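Trainee: Before we discuss this protein, could you show me the sequence and the structure, so that I can follow along as we talk?

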Amino acid sequence: MKLPRTIRMDPSDTFVFAKAAEPGEWAVAGTFLFHGAKIADLGPKQRTAFRAGFLGIESFGHSTLAVVSEVVDNEVEEATHSLAAQLVSQCGAPSLEVALPAAREEIAFAADLCRDHAIGTLLALHRAEEDGQIRERFRTLRPRAETTMAGPGLKGLDRAFLVIETDDDEDQPEEQVDLLSLGKE
């Protein structure tokens, strides 16, 4: 059986979400957190979690990405009970007995999400509100070695930025960018 685990590729989750999940937690989609919420009224970090956050079960924080991971039966049961406990403590479920079926349903959905993907596949999600309904779309991210941009003739061009050092600007004054002041504008 496979389940998603949170993964952190860079520190951005720690400042785009109100609470970031710790890397390596079992994760669920967590869309239930937004049931009945007026999305337009959410704060910026809550809207980011709504748009693109997997829910880490232990921390109840969010993660932009999750990785398909193998899980053994006792870990599934532990994750289910941890999620049920969070549903009681964080969401107001009246008891563990009431929360367990909902937790099992979330875990089953997460397992189904991973079922057709290889271990190590990265998952991303996108939620949107459409016609008063929450829609989820999941996509997979492949390692660069598997993409067309990783071909031998494209080496180095598979990045968002390519820095090329030249000697042409040695007589030009050095440009300084103050990122902090840009953020205040």
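Mentor: Here is a definition to begin with: two strands pair if DSSP finds at least two bridges between them. Please keep in mind that this is a predicted model.

Trainee: With that definition in hand, how many bridges join β1 to β5, and which residue in β5 is the bridge partner of I7?

Mentor: Pairing asks for at least two bridges, and β1 and β5, which run antiparallel, are joined by 6 bridges. For I7, the bridge partner in β5 is L65.

Trainee: What is the order of the strands in the open sheet, and which are its edge strands?

Mentor: The open sheet has 4 strands with antiparallel pairing, in the order β1-β5-β6-β7. An edge strand pairs on one side only, and this applies to β1 (2-7) and β7. The twist from one strand to the next averages 35 degrees, and the edge strands asked for are β1 and β7.

Trainee: Which helix lies across these strands, and at about what angle does it run to β1?

Mentor: The helix is α4, residues 96-114, which lies across β1, β5, β6 and β7.

Trainee: Is T6 buried or exposed?

Mentor: T6 lies in strand β1, and, leaving aside neighbours within four places in sequence, T6 is in contact with residues that include A21, P23, G24, A27, L65 and A66. Its relative accessible area is 3%, and the cut-off for the buried class is under 20%. Because 3% falls under that cut-off, T6 is buried.

Trainee: Turning to S69, is that residue buried or exposed?

Mentor: S69 is found in strand β5, residues 65-70, and, not counting residues up to four places away in sequence, S69 touches M1, K2, L3, R5, W26 and I119. Its relative accessible area of 11% is also under the 20% cut-off, so S69 is buried.

Trainee: What lies 3.2 Å from a polar atom of the side chain of S69, and what distance separates the C-alpha atoms of S69 and T121?

Mentor: The atom at 3.2 Å from the S69 side chain is the backbone oxygen of V67. As for T121, that residue is 52 residues from S69 along the chain, and the separation of their C-alpha atoms is 8.3 Å.

Trainee: Finally, which residues of helix α2 are buried?

Mentor: Helix α2 spans residues 44-52, and what covers its buried residues includes α1 (13-16), β4 (62-63), β6 (122-130) and β7 (133-141). The buried residues themselves are T48, A49 and F50.

Conventions
Residues are numbered from 1 along each chain as its sequence is written. This is a predicted model: local features need pLDDT of at least 70, side-chain atom pairs count only at pLDDT 80 or more; totals for chains, interfaces and linings use all residues. Side-chain values use heavy atoms; hydrogens and water are left out. Buried means under 20% relative accessible area, exposed over 50%, partly exposed in between (1.4 Å probe, protein chains only). Helices (H or I, at least four residues) and strands (E, at least two) are DSSP runs, numbered from the N terminus. Contact means heavy atoms within 4.5 Å. A polar contact is a pair of N or O atoms within 3.5 Å; within protein, one must be able to donate a hydrogen and the other to accept it, and residues adjacent in sequence count only if both atoms are side-chain atoms. Axes are lines fitted to C-alpha atoms, for helices over the stretch in contact, and angles run from 0 to 180 degrees between N-to-C directions.
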